[in-house]
Amino acid sequence: MIKITLPDNSVKEFDKGVTGLEIAEAISSRLAKEVLSISVNGEIRDLTRAIDTDATIKLHLWDDLEGRTTFWHSSAHLMAEAIESSFPGTKFGIGPTVDNGFYYDIDLPEGKVLSDKDLAGIEQKMLELARTKEEITRSEISKADALKLFTDKGDPYKIELITDLQDGTITTYHQGNFTDLCRGPHLPNMGFIKAIKLTSIAGAYWRGNEKNKMLTRVYGITFPKQKLLEEYLVLLEEAKKRDHRKIGKEMELFTFSAAVGLGLPLWLPKGTILREQLEKFLKKVQKKFGYEQVITPHIGDVGLYKTSGHFQKYGKDSFQPIRTPNEGEEYMLKPMNCPHHCEIFKFKPRSYKDLPVRMAEFGTVYRYEQSGELHGLTRVRSFTQDDAHIFCRPDQLKEEFLKVIDIIFIIFKALDFKDYAAQISLRDPNNKEKYIGSDENWEKAENAIIEACAEKGLKTKTELGEAAFYGPKLDFMIKDALGRSWQLGTIQVDYNLPERFGLEYIGADDKRHRPVMIHRAPFGSMERFVAVLIEHTAGKFPLWLTPDQVVILPISEKYNDYAQKVSNQLNISDIRAVIDDRNEKIGRKIRDNEMKHIPYLLIVGEKEFESNSVSVRRQGEGDQGSMSVDAFAEFIGKEVKDQLSEAYN
RNA sequence: GCCAGUGUAGCUCAGGGGUAGAGCGCUUCCUUGGUAAGGAAGAGGUCAUGAGUUCAAUUCUCAUCACCGGCUCCA
């Protein structure tokens, strides 16, 4: 007998060799029907594998990430089986799970192309196979046998994968007519899979390397119940309605014009108000944190970027230098603000007493992103960073870093971003030539970030090889409506630029010392931040931020003059009001303006004109009764103030 | 840059080998209406661009460009 400890710490005895499925069966038959996989002493396994020793277990259902992952992983195998039967001779790459489903990278037989129209057929085939409840079996296999198996099958990608694996650790999974190299775990059988949607086809380089062959990637998602699939599809439709490109157009926030150029956003009047409010907000916060605003040109001498190292690294993939009438003179559109700020630091000798110097600029930069990368406002070729550079003494670094994290928290709080991920990006230790700067400086910088995050109790994940070429960074990532992750706030520690620019300060010892530099942008860029904000709020911005705070609706044209008077009065109190003076009935005006997400609708007619008042409607909440214009101005002013002071504190 | 898909009015979309349609929006007129769509008339399109097939192409084929979904990249 062995002892099995359940998550509630209760202990049950079973025969040696008991399986997860049998344990579930012993608890309840319903559980046995729903359970998908099992963790045995922390390792996720198949339900059908025997447990031979005392163990702590957890059964995974659909509600667990682990359960879903098992489910989708098996679904990928099911899809591969269906594809192999429909397209014999297909070679298989990898078929992992993702946040919402799974994919499989395949190499179709010569001359075959998979298109959207083929997906329904594959779905049908998968359903047919699933209905036969094919059992999934696991085999441990020697490296030699694995190589032979996939050589016979003619799967060069699998052979490449096996070559990198260690003998004795290799397993395959088999169902129906399909065998795959796989670590597992998997469902007991394919009968669990009841609803299938293959979502898209894409190209993807083998092993993520641009130089390799491009395989066909088929994405899909599956569910244990048809109803769950239907709910998912509804959710997907809802998410598409939040797309910032769609809302940006509807709310007239920004646009693009082919005549101006690809990836060059044009901010419309309402979008400009939104952006200016964000800038105003951040400037105020930064002032409190001791920042000083500066302004620098949009171009700089090529030599500046040679000094910084950016030209060598990115020069050929950038907007190319601008020539002048003078032979040999070349300027570049600035791809970042740091070199300009370094020159401002050098403007005069700096004492240790002057540090830290915190230099902020809403600096517009130009980067020639590959055409396939452009995406709404999230990936553009001209964008404005809420940039700042902190020049500090080494002993001030951690404190300054912590303060930047505080600023980011203030912003996230003001805009109700709760669901973010913090990522520490370090150097790839196996590929050091990609980076500039000494090992010693890199280690110092990396440790500073790691320590600061630990001190803030920030939950982070660490990625090797994701650092900037001049230093490690801490990024804050937020997901858009469709679950794609975007980097917003970023903080980077840099020992390199101060060295390359020869930055110095005079220490208390009257000797020259080198400052450390922090690059930081809490929004990341105004463009990307607004994009993510739109998707986060679905266009219902908080009152303090929204372009139109109030719309005044005259009952008839007779009251347009009064509406104008109210509008003027509100504008004096810094309230952004517009008038809907169209020749329409009040019901129509209410409907149209409710749909525009304007927080307050003011209805004015005979009664209001007589009493110098307004009838107030809160968006989505209906009639709120009437009040005097002064009272309303005060009321709304207070709401704005409350929203902001909540964030500051 | 690479793979697949899409491209018809300002927007959302229908149509289809014989040179175009709806709803919304826009303009004008009627109506001056009290809390989620009042009525009428009108303007607006080289059917993305270029080539090919055809008596005839917006429709079929190819190329290009743009957009969309991914991959790679992201200072």
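Because the model is predicted, local features need pLDDT of at least 70 and side-chain atom pairs count only at pLDDT 80 or more, while totals for chains, interfaces and linings use all residues. Residues are numbered from 1 along each chain as its sequence is written, chains are lettered from A and ligands numbered from 1 in the order in which they are written, and side-chain values use heavy atoms, without hydrogens or water.

An automatic or database domain assignment divides chain A into domain 1 (2–61), domain 2 (66–239), domain 3 (254–537) and domain 4 (550–648). Taken over C-alpha atoms, the centres of domain 2 and domain 4 are 57 Å apart.

The interior comes next. A nonpolar core is a set of buried Ala, Val, Leu, Ile, Met, Phe, Trp, Tyr and Cys residues joined through side-chain atoms within 4.5 Å; buried means under 20% relative accessible area, exposed over 50%, and partly exposed in between, with a 1.4 Å probe and protein chains only. The largest such core holds 83 residues, and Leu-278, Phe-281, Leu-415, Leu-474, Val-550 and Leu-570 have the most contacts inside it. Helix H13 (residues 397–414) gives the largest share of this core, 11 residues. Both domain 3 (254–537) and domain 4 (550–648) contribute residues, so this core lies between them. Beyond its neighbours within four places in sequence, Leu-415 is in contact (heavy atoms within 4.5 Å) with Leu-278, Phe-529, Leu-533, His-536, Pro-542, Trp-544 and Leu-545. A second, separate core has 39 residues, including Ala-80, Leu-108, Ala-130 and Ile-196.

Helices (H or I, at least four residues) and strands (E, at least two) are DSSP runs, numbered from the N terminus. Helix H12 (338–345) is mostly covered, with 6 of its 8 residues buried. These are Cys-338, Pro-339, His-340, His-341, Cys-342 and Phe-345. Their packing partners include strand S19 (299–301), helix H10 (302–308) and helix H15 (496–500). In the loop between H12 and strand S22 (357–366) sits Pro-356, joined to Leu-355 by a cis peptide bond with omega about 0°.

Another cis peptide bond runs from Gly-184 to Pro-185, and Pro-185 is in the loop between strand S13 (178–181) and S14. Most residues other than glycine have a negative phi, and most peptide bonds are trans. Asn-612 has a positive phi, near 50°; this residue is found in the loop between H19 and S34 and is partly exposed, with a relative accessible area of 32%. His-597 has a positive phi near 60°.

Finally, the RNA. A residue is near a strand if one of its heavy atoms lies within 4 Å of it. RNA strand B is surrounded by 54 residues, the closest being Tyr-205, Glu-373, Asn-583, Arg-588 and Ser-615. The elements that each supply at least two residues of this surface include helix H18 (586–594), helix H19 (606–611) and strand S34 (613–618). Of the RNA atoms within 4 Å of the protein, 48% belong to sugar or phosphate and the rest to bases. A polar side-chain atom of Arg-591 lies 2.6 Å from a base nitrogen of RNA strand B, and a polar side-chain atom of Glu-608 also lies 2.6 Å from a base nitrogen of RNA strand B.

Terms used: A polar contact is a pair of N or O atoms within 3.5 Å; within protein, one must be able to donate a hydrogen and the other to accept it, and residues adjacent in sequence count only if both atoms are side-chain atoms.
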